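Open the model in your viewer and keep the sequence panel in view. The stops below say what to select next and what is there.

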Amino acid sequence: MNGTDTQGIQGNQGTQGAPSVIVVGAGPTGLLLAGDLATAGVPVTLLDKRPREISNLSRAFVLHARTLEELDARDLADRLESVGRPLENLQLFGRLDLDLGGLHSRFRHVLVIPQYEVEKVLLERAERAGVTFRYGSEVNRLAQDADGVTVTVTSSEKDAGKGGKGSGKDGDGKGSGKDGGGSGAPATERLRASYVVGADGLHSTVRKAVGLPFPGHAVIRSVVLADVRLAEEPEALLTVNATGKAFAFLAPFGDGYHRVIGWNRDRVVSDHAPLDLDEVKEITRLALGRDFGMHDPRWMSRFHSDERQAPAYRVGRVLLAGDAAHVHSPAGGQGMNTGLQDAANLSWKLAQVVHGRADDALLDSYQAERHPVGKAVLRSSGGIVRLAMAHRPWSRGLRAAVAGVVDSVAPVRRRATGQVTGVGYRYPAPRGAHRFTGLRVPDVALADGGRLYAALRGGRFVLITPGAPETAPHPYEEGRKDRLAVEHWASDRRTAVLVRPDGYVAWASDGADPAGVEAALERHVG
């Protein structure tokens, strides 16, 4: 799918041939990625086939600790914390609770917050950063060559420019709206960029355009969704349980409505089969023992949950993130979180490459680091949902045994908690690298009274070395002030650590030899 004909092609943000990025899909993953790139000075156009709106019908309801850390590095976490409600124990099924109070993180909880609240914050940030939004714009094909990517787009809505209003979840909605010229007829045009990122969901057009398969299968069918009012308030912030016959989950929107997710083993039908409130109540009674007086549904639907993963997250100048790269069951609330963490990993690498500070090969590390994480999330979420669906005596016995092991064996509990919350993953390190390389760095205190994740803001690397704070700019920052902060440990630690913009160790050394530090900065920061 290559091509070099660029006649009549619009350059991204009106600068023909300028290094730039097109992001497809204005869900959480696309919004975070586009906002990061624009903050780093990369021209970004965000395409979405839906009209300008934020949907309240999204499925995601929690932010985990690792995602909150990434949002903290963008000065967004505290705002979201003021809207959401923290929960220190995450119940996965039956008797299995994960106590998050022991997490080595500023965020020792899961934050219960609807996806649309997250999107609002990410949208506002992307607007402020200067992202160009194009709603009602559907990608038809891609053509790559040695210098960039040509995207053919059918637009039903005029360029929204820098700003506009956001949209719902990753890339599964339908675009509408009229041509700004008043004709109402869709217009086909070609856009040009250095790189394209598909964050356009399960049915990703970008993934299909580059010929990537999406192998996998449906792990559970005929799951019901409903937004209802309750006459009786649940005792817990999140209410979840599974029996041999059914499971159900209740979570508050914060506006008087609750989201219900449920499944009945004896009622597995087509996603298009009619659904009424009586069926939702019955499933809830089977799983939770009562229906909490559900009434006034504003929306009901069925869906099936797939487990799928693309074999590659990069094909030349085209990359995938979020649900376009991997989908899995909602068990454990890891979907939106994994996509946001994909974006945090990819954005700084794209910025380095586009600005000429790193070789294009840096983008290969996105596949090397995030594909194994996506695979692990498929395994963990799939294991949770299969245990929740257990109904035979032996399988329910296995579920009880698993819960008992996680509850009583500390290393297993730490591993399970680290996987679900995202804080337990580390990235592969080159042979011979320092033992810290690839580790996630918690929000450590710094000598000047600050903390690491505040120092990371603006998409900067942070070099932490022994010693006392300087009042003048540090020599290491010369020529790098816009993308490097030099800090010092608040403790007497003697290790020098270079922290990437996504909070992982790029390089470390037992000591602070100036020549070694400078070489590391040249290699990683540019």
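Select β25 and strand β26 (residues 505–509): the two pair in the antiparallel sense over 4 bridges. Strands here are DSSP runs (E, at least two residues) and helices are DSSP runs too (H or I, at least four), numbered from the N terminus; two strands pair if DSSP finds at least two bridges between them. This is a predicted model, in which local features need pLDDT of at least 70 and side-chain atom pairs count only at pLDDT 80 or more, while totals for chains, interfaces and linings use all residues. Residues are numbered from 1 along each chain as its sequence is written, and side-chain values use heavy atoms, with hydrogens and water left out.

Stay on the hairpin that β25 and β26 form, with 5 residues between them. In its turn, G503 has a positive phi of about 90°. Across the pair, A496 has S509 in β26 as its bridge partner.

Next, show the side chains of strand β25 (residues 496–499). A496 and L498 point one way, V497 and V499 the other way, and all are buried (under 20% relative accessible area; exposed is over 50%, partly exposed in between; 1.4 Å probe, protein chains only). In a regular strand the side chains alternate between the two faces of the sheet.

Move to the open sheet of 6 strands, in the order β16-β17-β18-β15-β19-β22, with antiparallel pairing. Its edge strands are β16 (239–242) and β22 (326–327), each pairing on one side only.

Then find the open sheet of 3 strands, ordered β4-β8-β5 and paired antiparallel. The edges are β4 (62–63) and β5 (85–87), each pairing on one side only. Between β4 and strand β8 (residues 110–112), which run antiparallel, there are 2 bridges, and V62 has V112 as its partner.

Select helix α2 (residues 65–72). Why is α2 largely enclosed by the rest of the structure? Because 8 of its 8 residues are buried, among them R66, E69 and D72.

Last, color by pLDDT, the predictor's confidence in each residue, from 0 to 100. The chain averages 86, and 84% of the residues score at least 70. Over residues 159–182 pLDDT stays under 50, and the model has 100 contacts beyond four places in sequence for them (heavy atoms within 4.5 Å). Residues 13–17 also stay under 50, with 8 such contacts.
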